[in-house]
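Hello,

Here is the structure we talked about. My notes on it follow below.

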Amino acid sequence: VAERSIQLYNKPSFDGETVKSYWRDIVLPITGIHISEDEQAYNRVWYEVGAEGYAYSGNIQPVRTVLNKPIFEFPEEGALVEISVPYTDAREAPSVDSKLAYRLYYETTHWVMDAVVDEETQKVWYRLIDDKWKGESYYVQASHIRVMSAEELSPISPDVPNFQKYIEVRLASQLFIAYEGRNPVYAARVATGARFSTGKYYTPQGRFFTYHKRPSRHMAAGDIASNGYDLPGVPWVIYITESGISFHGTYWHNDYGNPRSHGCINLAPQTAKWLFRWTMPTVPPEKQFVYEYTGTHVEIIK
């Protein structure tokens with residue numbers, strides 16, 4: 001559950017009767033997918049939850065539980081990893097009794113520097129560095145983390161010249177399309193900037209390019225109690241402005257097709273990963289970021 005709370009209904013519609021409520025971070029079984037009869041809705045997908053009822057898909061982040069064997073040797077520059085369980089708690093020291101630092105969610109990405117064994121429990125922990133709070137690090141159980149291979153980070157369509165690659169973002173339809181020449185090769189729903197009680201955070205229109213890329217970024221700003229955010233491990237970040245507007249993967253909602261961001265272009269994590277690999281410049285597996293004066297062209301229109 002990605003929202004503070006959700007309701008289950010007796011049919012895949014907000015017009016149905018509420019049968020149960022659940023709260024953030026509860027893990028539920030998705031046993032079916034249904035399309036609502038509301039043809040005016042921007043997102044008609046509903047999940048069947050066990051035999052209990054139906055939940056709106058935009059409030060639920062699909063996850064899996066994949067446990068991993070620990071790795072004890074890492075390159076000096078560290079390794080890119082992703083969380084492979086619904087969520088895991090990062091601690092200030094390699095112990096379950098240590099103070100909680102952050103809760104890290106499925107498909108968030110991070111940099112692991114080394115492995116540490118808790119002598120008391122013999123559990124293996126990875127030390128993660130924080131790219132926002134310089135010098136800070138925290139520890140996560142190694143079994144909850146998947147180390148990424150160089151192959152899965154390799155560029156997509158490297159034989160296509162960069163001048164033939166082009167991204168169009170359509171704000172009115174909340175859609176992005178990637179082109180190679182005149183041929184669309186990928187399209188997906190997005191969630192762009194919106195108006196909140198604290199101000200307007202609309203995604204800017206115009207022409208941009210993808211000059212600054214980070215496979216992982218700790219994004220934080222403002223007062224969390226008043227529409228601020230503190231989001232470690234945002235995956236596959238592709239900046240297009242110096243003010244911080246970017247494409248990136250999103251784990252705190254699954255609600256695409258409707259504006260709801262602070263100006264960025266929210267994508268499903270796997271969509272963001274594809275775009276990260278397809279755009280220029282290429283980020284080598286050992287690099288935490290690449291910043292260049294060229295990149296793949298982006299046009300954002302109404």
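**Aromatic pairs and charges over rings**

A search of the whole structure finds 19 aromatic pairs. Here, rings of Phe, Tyr and Trp (its six-membered ring) pair if their centres lie within 6.5 Å; planes under 30 degrees apart are stacked, over 60 edge-to-face, and the rest tilted. Helices (H or I, at least four residues) and strands (E, at least two) are DSSP runs, numbered from the N terminus.

Please note that this is a predicted model: local features need pLDDT of at least 70, side-chain atom pairs count only at pLDDT 80 or more, and totals for chains, interfaces and linings use all residues. Residues are numbered from 1 along each chain as its sequence is written, and side-chain values use heavy atoms, with hydrogens and water left out.

Tyrosine 9 and tryptophan 46 are both buried. Buried means under 20% relative accessible area, exposed over 50%, and partly exposed in between (1.4 Å probe, protein chains only). Tyr9, Phe14, Trp46 and Tyr56 form one aromatic cluster.

Two lysines sit over rings. The charged end of lysine 132 is over tryptophan 133, 5.3 Å from the ring centre. Lysine 213 lies over the face of phenylalanine 276, at 4.7 Å from the ring centre. The test is NZ of Lys or CZ of Arg within 6 Å of the ring centre and within 35 degrees of the ring normal.

Five strands form an open sheet with mixed pairing, in the order β15-β14-β13-β24-β18. Two strands pair if DSSP finds at least two bridges between them. At the edges are β15 (183-189) and β18 (206-209), each pairing on one side only. From one strand to the next, the twist averages 20°. Axes are lines fitted to C-alpha atoms, for helices over the stretch in contact, and angles run from 0 to 180 degrees between N-to-C directions.

Strand β14 (residues 175-180) pairs with β15 in the antiparallel sense, over six bridges. Isoleucine 177 stands opposite alanine 187 in β15. Glutamate 180 has asparagine 183 in β15 as its bridge partner. The hairpin of β14 and β15 has two residues between the strands, and glycine 181 there takes a positive phi near 65°.

Glutamate 180 also meets serine 157, through a polar contact of 2.8 Å between their side chains. A polar contact is a pair of N or O atoms within 3.5 Å; within protein, one must be able to donate a hydrogen and the other to accept it, and residues adjacent in sequence count only if both atoms are side-chain atoms. Serine 157 is in the loop between β12 (145-147) and β13.

**Another open sheet, and the helix**

Five strands form an open sheet in the order β22-β21-β20-β19-β23, again with mixed pairing. β22 (265-267) and β23 (290-291) each have a single partner strand, so one side of each is left without a neighbour in the sheet. β21 (residues 246-249) and β22 run parallel, joined by three bridges.

Helix α1 (residues 269-278) touches β13 (165-170), β14 and β15. α1 also lies across β19 (212-221), β20 (229-239), β21 and β22, at about 40° to β20. Contact means heavy atoms within 4.5 Å. Eight of the 10 residues of α1 are buried, including Trp274 and Phe276.

Best wishes
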